[in-house]
Amino acid sequence: MPFGEGATALSSATLYDKVWALHQVAELPSGSTQLFIGLHLIHEVTSPQAFAALKDLGLSVRHPERTVATVDHIVPTTSQARPFADPLAEEMLTTLERNCQENGISMNALGSGRQGIVHVMAPELGLTQPGMTVVCGDSHTSTHGAFGAIAFGIGTSQVRDVLASQSLTMNKLKVRRLWVEGRLRPGVYAKDLVLHIIRTLGVKGGVGHAYEFAGPAIEALSMEERMTICNMAIEGGARCGYVNPDATTFAYLKGRPYAPAGDAWERAVQWWQSLASGADAVFDDEVRFDAAAIAPTVTWGITPGQGIGVDEAVPTLEQTPEEDRPLAQEAYRYMDLQPGQQIAGVPVDVCFIGSCTNGRLSDLRAAAEVAVGRQVADGIKAFVVPGSEQVAAAAEAEGLDAVFKAAGFEWREPGCSMCLAMNPDRLEGRQISASSSNRNFKGRQGSASGRTLLMSPAMVAAAAVAGEVTDVRTILPA
Amino acid sequence: MTSAPFPTGSIDGVRGRAVVLRGNDIDTDRIIPARFLKCVTFEGLGAQVFADDRSEQQGQHPLDRTEHQGASVLVVNRNFGCGSSREHAPQALLRWGIRAVIGESFAEIFFGNCLALGIPCLQASTTTISAIQAAAEAAPASELTIDLNPAGAELEGQRWELMLASDAQKMLTSGQWDATRQLLQHDQQLKATAARLPYINGFAAG
């Protein structure tokens, strides 16, 4: 039997099993699988060396029509006029533009109306669809799993392989179901849920696994919220995370530029529905959570797993498993936080709302709900960076930019901004930021001693107006 | 920093002095801070590996100690290379001189990126890693010998069993760790796979 045939008939198969089987090209002599890639997203940071390697090998791009580019990491968010002030950034963008042009690859350029952070851009254009395999030279590619795609980050050598062959070498992962009961309470968001999951299972808990997010709390989430959850699967060590496609998925996709239309739409929905994990799907293991028990969650340390509820204190060494104690001690020192200290009330210097985790319209709405009629506290630098040109336009159309500006936030141009230190937005010295991004690693936000507290966009807005970490539930109308 | 040749062909083992880097969950932002990713080639990355950690430790970082210059085996702890998918991280280690990494566990993308460059990442239990780290620190001038099949390491007469995923072991020892050509050999299967995926032709009828 050829690879993949018959897989969809099994009610014991997971979505991961079915999509994997359909995309298996061959078994390689090493025992690994050659996996076909349905959508390859590229950006300026991890692709130039891949194109250069391809040229060295005398190879061309096999499926330029299945490869889509944008620019996000290095773009300034104040002025995006060309040439950029930073000659290295300009060279990276010029190189990407040339590579796309030479190879017939579609590029969503600055000012096109479609540029954005790669993991915001592809879903909103309808490029990301259920049942696809999606890769990008970026670990947060797991975001696209929100659609029921199998999506994961790759390195530059694999970018080269996918450009050359539209496939790569992979090993099948185990599948862990994360079943979330109940509903998130008011003031608690998808970001809090995923920070809570990572806090519980650890930053390496998901290594070797795909995470299937399921259960009533997940089904109740919007597509943008599902993207936030899947985006951070990698922070829990899971290279990909996904949600089974359902009516919410289809409603989001319908009418988007790259989504199927007309008769094809009906056929697509039928196929997508057939891919969801069967009623008797067998998982390698399962972990259960109760959404209603989760509080707004904030990281206090230097990995995304070092998180606590906003009403909790920084854990003491005694409360920390022995193997995690050296990291906890390193985190106390680096963050200048004391074990046993309440996280609420910790003063912040910079407040950043944006990123591929939380730079979508619903994120900006949640932050604006907190900011409206309030003022950023004295001495705080607060700024909002929409995840894409489409998000920016939609937010401006409903006046969110005006709300933020009136409250004292800066309203910026789209890009990765201060999530990582590849553009002018960065922390200085020992500054501490409240950030809606995804990583609180040492030095992540551009200063070797800069400090990051991860939280939801609404919590960042609350920190901005209070000048310190604050439970957003005390600010929002009851 | 090294001028040693990069890996090519079949890799059965690695021999070289070891440098110990302790700590769990060392992420790729620490291995190569993002500001050094502003480049269109990997060439200059060797000097920048662990730049911020090294600057903070003012010459006392293991990679800066005199006795570790020219070392080619890195011995680490748990979940090494987590975070960003940047291949710049193993590229920087490679260009500094690292040809093999031994640790308790590795983040998956980092492991795969290393494999694509011909850098084996071998695993052992916490206890074994502690023993290797202690032995390597006690004898920084001695060479450690790593075999990939069966996976093991030897230093000054002490031997430890290591683990290496079987596919990685086969790819490295057969010299087929650089996958591009191998993937292209399956032209017919690639076409057949694309043909059975309805989204490839936009869910066209029939």
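**View 1. Where chain B meets chain A.** Here 57 residues of chain B are in contact with 67 residues of chain A; two residues count as in contact if their C-beta atoms, placed from the backbone, lie within 7 Å. On the chain B side, the elements giving two or more residues are α1 (28-31), α2 (51-57), α4 (108-117), α6 (166-174), α7 (180-184) and α8 (187-195) of chain B. Top contributor is α4(B), with 6 residues. Sorted by class, this side of chain B has 22 nonpolar, 20 polar and 15 charged residues. For the classes, Ala, Val, Leu, Ile, Met, Phe, Trp, Tyr, Cys and Pro count as nonpolar, Asp, Glu, Lys and Arg as charged, and the others, Gly among them, as polar.

Before you go on: this is a predicted model, in which local features need pLDDT of at least 70 and side-chain atom pairs count only at pLDDT 80 or more, while totals for chains, interfaces and linings use all residues. Residues are numbered from 1 along each chain as its sequence is written, and chains are lettered from A and ligands numbered from 1 in the order in which they are written.

**View 2. Domains 1 and 3 of chain A.** Chain A splits into domain 1 (7-171 + 246-270), domain 2 (174-245 + 278-293) and domain 3 (297-474), with bounds from an automatic or database domain assignment. The C-alpha centres of domains 1 and 3 of chain A sit 28 Å apart. Between these two, 21 residues of domain 1 touch 21 residues of domain 3. Helix α4 (residues 118-124) of chain A supplies the largest share of the domain 1 side, 4 residues.

**View 3. Strand β9 of chain A and its partners.** Strand β9 (residues 174-181) pairs in parallel with β10 (residues 209-214) of chain A over 6 bridges, and L178(A) stands opposite F213(A). Another 6 bridges join β9(A) to the parallel β12 (residues 285-290) of chain A, where R177(A) is partnered with E286(A). Strands pair if DSSP finds at least two bridges between them; helices (H or I, at least four residues) and strands (E, at least two) are DSSP runs, numbered from the N terminus.

**View 4. Helix α5 of chain A.** All 10 of the 10 residues of α5 (residues 156-165) of chain A are buried, so this helix is largely enclosed by the rest of the structure. "Buried" means that 20 or more other C-beta atoms, placed from the backbone, lie within 10 Å of a residue's own. Among them are R160(A) and D161(A). Just past α5(A), Q166(A) adopts a positive phi of about 55 degrees.

Methods
Buried ≥ 20, exposed ≤ 12 C-beta atoms within 10 Å, placed from the backbone.
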